[in-house]
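This report goes through one chain, starting from a single residue and widening to the whole fold. Please keep the sequence and the coordinates at hand while reading.

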Amino acid sequence: MATMTVKDKHWRSWVKAFSWRVTGTLDTVIISYFITHKLHIALSIGFVELFTKMALYYFHERIWERISFGRTLIDYEI
């Protein structure tokens, strides 16, 4: 019986971070626009948080990759 474990590659975390931040940034821009009623301010806020939160998500994801909480090993027979 062979045991296989799955581990995400770093680029996968970056792709996930980017796709999540695009969604989150659109939300931030919409909320910022409703609050300020100024599109240029809403876009500026969205642009800045796109990059800062993407980096935070990446490091958050990499830390969780090292934590075994909530994971199980799946045994496969070959």
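Apart from its neighbours within four places in sequence, T25 is in contact with G46, E49 and L50, where contact means heavy atoms within 4.5 Å. T25 lies in helix 1 and is buried, with a relative accessible area of 12%. Buried stands for under 20% relative accessible area, exposed for over 50%, and partly exposed for the range in between (1.4 Å probe, protein chains only). Helices (H or I, at least four residues) and strands (E, at least two) are DSSP runs, numbered from the N terminus.

The model is predicted: local features need pLDDT of at least 70, side-chain atom pairs count only at pLDDT 80 or more, and totals for chains, interfaces and linings use all residues. Residues are numbered from 1 along each chain as its sequence is written, and side-chain values use heavy atoms, with hydrogens and water left out.

**Helix 1 and its partner**

Helix 1 covers residues 10–36, which makes 27 residues. From its first C-alpha to its last it reaches 37 Å, close to the 39 Å expected at 1.5 Å a residue; the expected span is 1.5 Å times one less than the number of residues. The buried residues of helix 1 are S13, A17, R21, G24, T25, T28, V29 and S32. They pack against helix 2, residues 39–65. An α-helix has 3.6 residues a turn, so residues three or four places apart point the same way.

S32, also in helix 1, counts as buried at 9% relative accessibility. Leaving aside neighbours within four places in sequence, S32 is in contact with H37, A42 and I45. T36 is found in helix 1 as well and is partly exposed, with a relative accessible area of 26%.

**The loop and helix 2**

H37 sits in the loop between helix 1 and helix 2 and is exposed, with a relative accessible area of 58%. H37 is also one of the contacts of S32.

Two residues of helix 2 can be set against each other. F47 is placed in helix 2 and counts as exposed at 54% relative accessibility. E65 is also in helix 2, but is buried, with a relative accessible area of 10%. Beyond its neighbours within four places in sequence, E65 is in contact with V6, K7, D8 and R71.

**Separations along the chain**

| Pair | Apart in sequence | Apart in space |
|---|---|---|
| S32 and K7 | 25 residues | 37 Å |
| F47 and I74 | 27 residues | 41 Å |

K7, listed with S32, is among the contacts of E65.

**The pocket**

Where is the largest pocket, in terms of the residues that lie nearest its centre? T5, V6, R71, T72 and L73 lie nearest, out of 10 residues that line it. V6 and R71 are also contacts of E65. The volume of the largest pocket is about 230 Å³. By class, its lining has 6 nonpolar, 3 polar and 1 charged residues. Ala, Val, Leu, Ile, Met, Phe, Trp, Tyr, Cys and Pro count as nonpolar, Asp, Glu, Lys and Arg as charged, and the others, Gly among them, as polar.

The pocket search runs on a 1 Å grid over the protein atoms alone; a pocket is an open set of points where a 1.4 Å probe fits, with protein on both sides within 12 Å along at least five of seven lines, and lining residues have an atom within 4 Å of a point. Grid points are joined across faces, edges and corners, and a volume is the space filled by probe spheres set on the points.

**The whole chain**

The secondary structure comes to 2 helices and 2 strands, in the pattern β-α-α-β along the sequence. The radius of gyration is 18 Å, well over the 12 Å that the globule rule gives for 78 residues, so the chain is more spread out than a compact globule. This radius is taken over C-alpha atoms, and the rule is 2.2 Å times the number of residues to the power 0.38. Along the principal axes, the C-alpha atoms fill a box of roughly 60 × 20 × 15 Å.

Of the 78 residues, 23% count as buried. Among contacts with a separation of 6 or more, residues 24 or more positions apart account for 73%.
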